[in-house]
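Subject: Structure handover

Dear colleague,

I am passing on the structure that we talked about, and below it you will find an account of what turned up when we went through it. Please keep it open beside this message while you read.

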Amino acid sequence: MARDLLALAPEGALALAAILGLLLGSFLPRRKQWMVRILAAGGAIAVFATTLPVWHDESTLFDDSYAIDTATNTVRVVVAAAILLLLALSVPETRGHARESEYIVLLVLAGLGAILLAGANDLLVLIVAYLLAGIPLYALTAFGKDASGTEAALKYYLFGALSGTIMLFGAALVFGAGRATAYPMLAEAAPTAPSAALALGTVAVLTGLLFKAGAVPLHFWVPDVTQGTRPEVAALVTTVPKLGAVVAIYRLATTVLEPSALDWRLLLAVPAALTMTLGNFAAFFQTDVRRLLGYSTISQVGYLLVGVAAGPGPLALSGVLLYLAAYAVTNLGAFAVVCALPRLRALTDYAGLLRRRPALTIALIVCLLGLVGTPPTGIFVGKLAVFTAAMDAGLGWLVVLALLNTVASVFYYLRWITPALRGRATGESGDPALAVPRVIAYLAATVSVLAGVFAGPILNAVEGATPIR
């Protein structure tokens, strides 16, 4: 028990930061709520300090219910980095707010839930992690207490409740078919389990995880939440939950479904194809930058699912992990530009931005082209690895579709880039850019490029990152 608890030091650091932050925020005056932010940042830094020394250690905890491996450690580090960026990104909107400490605590809990999703090696742990990764986000979506945020939070909650119920039903069916909830025991029972019950249960469980990732068929909430809530919350919702959800899908598929007779690759390839195609083509018709980024998020999940469907294998998971890390920083960079210019909502509002704020415009272009997968960004290398793994897995048709979608995505990103480069400046575009989000945008754009330049060492660090069974 002591060994298991010590191995959970990164998760414990975030949990302790959330608990102490909630208690501390209850007694601090409003002008000193920044102490809770410092505490949360300390918890995220502690995740780095306790994860990096055990990077290549592999073990399972609490009777195989939680797995510690390179995949879990990668999500730990990326989530911790995202928390640090989001803590800084939210400073202009939440500093001195009456509920500043609550905002920070909910942010940390959402990050903790994403990490638990990635490490879940048992259906019961998976369900608990699903709830922890979702409930804080429902509250944060409505944090502004305005009409659009409240409507977005209600839609988000209803979809979450529906998918959670379906997921519980699926877990019950899988338990009935395999007589266990732990993934290793389910893997042993999968070859002889009733195929119909296992298939239906698996589809139901995957439905919940696909909702969390923002994929088809429960993707409708993503653009509404991204447009309706505050931009710093939209950055959180479109980034952190997906880190844990994608790894959770990979672990469930390659551990439980691989030994079964189910064609689980096709089961994931179809949602991948639908998700990337719908996300890209729906983005063509968007004029609101937040809504466009929402559909962009959906398309990125489709590409990630290509890598999941290509597993198991070192290249598949390594590519997915690199893609997740690069996507997180690139997506946060794009939202940082939106946060820096909160009054610019439409694509046309960014007209002439290059003349007024050239550095911020360059950061925006780097992040948007990074989301396309333009070299030398990290997403380019992640896509290359994912598509190569899919070809090796016999999913050539899916790779061709993904390449076509990648080319198509260039055009709707150019609808944002072109006015910024060539358009005539409007009155609103002259509003001052917020300093902290501007710095985050510069940093994220730089890291996005560096992730591609140093993709070799990063892939080596996660090479052979096969989830424990």
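Predicted model: local features only at pLDDT ≥ 70, side-chain atom pairs only at ≥ 80, totals over all residues.

Glu-58 lies in the loop that runs between helix 3 (34–51) and strand 1 (59–61), and its C-alpha atom is separated by 28 Å from that of Leu-85, a residue 27 positions away along the chain.

For some context from a record, an unreviewed UniProt entry carries the annotation "domain: NADH:quinone oxidoreductase/Mrp antiporter transmembrane" over residues 120–407. In the model, that stretch is 78% helix and 0% strand, and the C-alpha atoms at its ends are 35 Å apart.

Next come the charged pairs. Side chains of opposite charge can pair when their charged atoms come close, and the structure holds eight such salt bridges. In one of them, the side chains of Arg-251 and Asp-69 meet with 2.9 Å from N to O; Arg-251 belongs to helix 13 (residues 240–257), whereas Asp-69 sits in the loop between strand 2 (66–68) and helix 4 (70–89), so that the pair links parts of the chain 182 residues apart. Both Arg-251 and Asp-69 are buried.

Another salt bridge joins Asp-288 to Arg-345, with the closest N and O atoms 3.5 Å apart. Asp-288 lies in the loop between helix 14 and helix 15, and Arg-345 in the loop between helix 16 (314–340) and helix 17 (353–356), so this pair ties together parts that are 57 residues apart in sequence. Asp-288 is buried, with a relative accessible area of 12%, while Arg-345, with 29%, is partly exposed. Elsewhere, Lys-155, Asp-224 and Arg-291 are linked in a network of salt bridges.

Tyr-156 is in helix 8 (residues 147–178) and Phe-211 in helix 10 (residues 195–213), 55 residues apart. Tyr-156 is buried at a relative accessible area of 1%, and Phe-211 is buried at 0%.

A second example is Phe-284 with Tyr-412, whose ring centres are 5.7 Å apart and whose planes stand at 80°, so the pair is edge-to-face. Tyr-412 counts as buried at 0% relative accessibility, whereas Phe-284 is partly exposed at 23%.

Tyr-156 and Phe-211 return in one aromatic cluster, which they form together with Tyr-130, Tyr-138, Tyr-157 and Trp-221. Over the ring of Tyr-130 sits the charged end of Lys-212, 4.4 Å from the ring centre, and the charged end of Lys-383 is placed over the ring of Tyr-303, 3.9 Å from its centre.

Finally, Leu-16, Ile-19, Leu-20 and Leu-23 make a nonpolar surface patch of about 370 Å². Leu-23 is found in helix 2 (residues 9–27), and at 48% relative accessibility it counts as partly exposed.

Notes: Residues numbered from 1 in each chain as written. Heavy atoms only, no water. Patch = residues over 30% accessible without salt bridge, like charges linked within 9 Å, V, L, I, M, F, W, Y side chains within 5 Å. Areas by Shrake-Rupley, 256 points an atom, 1.4 Å probe, with all protein chains shown as cover. Salt bridge = Lys/Arg side-chain N within 4 Å of Asp/Glu carboxyl O. Helix = DSSP H or I, 4+ residues; strand = E, 2+ residues; numbered from the N terminus. Buried < 20%, exposed > 50% of the residue type's maximum accessible area, 1.4 Å probe, protein only. Phe/Tyr/Trp six-rings, centres within 6.5 Å; stacked < 30°, edge-to-face > 60°. Lys NZ or Arg CZ within 6 Å of the ring centre and 35° of its normal. UniProt positions renumbered as here; feature names shortened; annotations may be inferred.
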